[in-house]
Amino acid sequence: MKLPPFSLRDLMVRQKGLFVLGILVVGLIFFFSGRSNSSLEDERVTVQKRTLQESTLITGRVKSANDISMAFEQAGRISFVGKRAGMKVSPGEVLVSIDSGQIRARLLQAEAKLQELKRGSRPEEIAVKEATLEQSTQDLNSAYENVSDIVADAYRKGEEAVRSKTSSLFSGNSTIGYRSTVTNACDTQGVNDSVALRQKAEVELFSWQKENVSLTTLSREDLKEALERSYQRSILFRDFLEKTDSLLKGSCLLADTSYDSERADMASGKNAVAEAIASLNTKRGSINAYQATVAKTRADLDLLLAGSSFEETSLQEAKVLEEKEALRKYSLVSPVFGSVSKAEVEVGEIVSANTEIVRVISIGVFSVESNVSETSIGKIKIGDQATITLDAYGPGVVFTGAVTSLDPAAVIDNNVPTYKVKVSFSGVDERIKAGMTANVSVNTKKKEGVLSVPARALTYVEGKETIRILKEGKEISTVVTLGIRGESGYVEIVSGVSEGDMILIKTSEQK
């Protein structure tokens, strides 16, 4: 085949095109090669010692450091309102009071008694007290005059109720024991209890009968003891009759008319014993009351005759102070310089005990309260310094403070335990107001001169923190132990690397 004619000019054009094409190919190769290498190149960082500051972030509301809720310890009627919400107060100012007429009367009596002790006894006072003692003694003597008759009457009523009214319901005697004649009773235990009480009642009747022989010759003390034993025995008889009566009225015997007469006897016996118990108890109460009156009157007379001792005067002075302290509880008094944030009561209104009546906040001193999770509370301690920003002024306005309290017990909210932390502002600043939202950074730990690397250098292999180290041109992955995490993005390395080690940090691929 014959080739077309080929000139020198054509050769030069073709060579020039090939040269340009070659330049383009080489350029593209270098471009893509360099781009690929740069995307895979790791950042190299030297392990150095730094000062790290660890912080815990919390959010809360600004509160007055002294936000005092005040309530009365007892219920009462409002008699005075001295301050309203928004008004300034000073320590000692009375805010609200309730009616204190009774306590004031007691205080006046205590003060009068104190003056009387200091003045000493007058002859006419001694004479009056002697007459009172004589009358009280006569009343006590009269109370003892018919004790034997009351005891004897109680015995007769008890004997008739126990022995006569229940004779058809029991067989046997105190020697061989008693058995119930009641049949078809549903309550077996009740039958046993009734029999046991019958036996006890018989024993007490026997002892009582022997004691009654000597009633008229007994001393006052012995008469009082006999009165007390008679009362306790009558209580036993009552219990016996009630237990037996309940058997006759049980579901199995209630319709059995053959026991109607026994039921009537039970009612009669119980009424008689009840009358005896009432009479004995009245006499017991009367004697006790007269004895107490005589003892007190005699003590008062002895006091008048002896005059007032230093101890008695001191005791009454303490009583006066006690009443004055009690009177103070009828008024709510401001403990601080501040302002009233709540006082929603009116004169004449009745308030309950332990119900908030007034709230006072101190002037100028504020804190931030926040609930912190259990994972963070272990890092915080009282005295830790903090920086605070308020949403009202933005992150550019920074206040300082310190942790002043940590609640030891958790508060459970939706099954999540949290702990209340209080951070108090340093100094006074008019810009700080109660209720503002605050963001607090608590400086929990600070370490100087510790080995540290950027936190982004860490990788996790099988749940362990590792770092890639470049040694003698080779990459080595090593497990490290971490310390604190600093605010600057660096983390402390406790073990696994040395100062000056070169570490590799994988960079993101360029797009």
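1. Start with how α4 passes α6: in this predicted model, the crossing is left-handed. The helices in question are α4, residues 147–164, and α6, residues 220–248, and their axes come within 10 Å and cross at roughly 20 degrees. Angles under 35 degrees count as roughly parallel, so α4 and α6 are roughly parallel to each other.

2. Who makes that contact? On the α4 side, look for Val147, Val151, Ala154, Gly158, Ala161 and Val162. They meet Leu223, Ala226, Leu227, Ser230, Ser234, Phe237, Phe240 and Leu241 of α6. Sorted by class, the contact of α4 with α6 comes out at 11 nonpolar and three polar residues, with no charged ones.

3. Now turn to α4 and α7. Their axes come within 9 Å, with a crossing at roughly 160 degrees. Angles over 145 degrees count as roughly antiparallel, so that is the label for α4 and α7. This crossing is left-handed.

4. From α4, the residues meeting α7 are Val147, Ile150, Val151, Ala154, Lys157, Gly158 and Ala161. Their partners in α7 are Gly269, Ala272, Val273, Glu275, Ala276, Ser279, Leu280, Lys283 and Ile287. The class count for α4 with α7 is 10 nonpolar, three polar and three charged.

5. The remaining pairing to look at is α6 with α7. These axes come within 9 Å and cross at roughly 155 degrees, which makes α6 roughly antiparallel to α7. The handedness is left here. In this contact you'll find 11 nonpolar, seven polar and 10 charged residues.

6. Leaving aside residues up to four places away in sequence, Leu280 touches Ile150, Val151, Ala154, Leu227, Ser230, Tyr231 and Ser234.

7. On to the largest nonpolar core, which has 43 residues. Which members touch the most others? Val147, Val151, Leu169, Phe237, Leu280 and Ile287 do. Two or more residues of this core come from each of α3 (123–144), α4, α5 (188–212), α6 and α7 (260–306). The top contributor is α6, with 10 residues.

Key: Residues numbered from 1 in each chain as written. Predicted model: local features only at pLDDT ≥ 70, side-chain atom pairs only at ≥ 80, totals over all residues. Heavy atoms only, no water. Axes fitted to C-alpha atoms, helices over the stretch in contact; angles between N-to-C directions. Helix = DSSP H or I, 4+ residues; strand = E, 2+ residues; numbered from the N terminus. Parallel < 35°, antiparallel > 145°, perpendicular 65-115°, else oblique. Left-handed = near helix turned anticlockwise from the far one by under 90°. Contact = heavy atoms within 4.5 Å. Nonpolar A, V, L, I, M, F, W, Y, C, P; charged D, E, K, R; others polar. Core = buried A, V, L, I, M, F, W, Y, C linked by side-chain atoms within 4.5 Å. Buried < 20%, exposed > 50% of the residue type's maximum accessible area, 1.4 Å probe, protein only.
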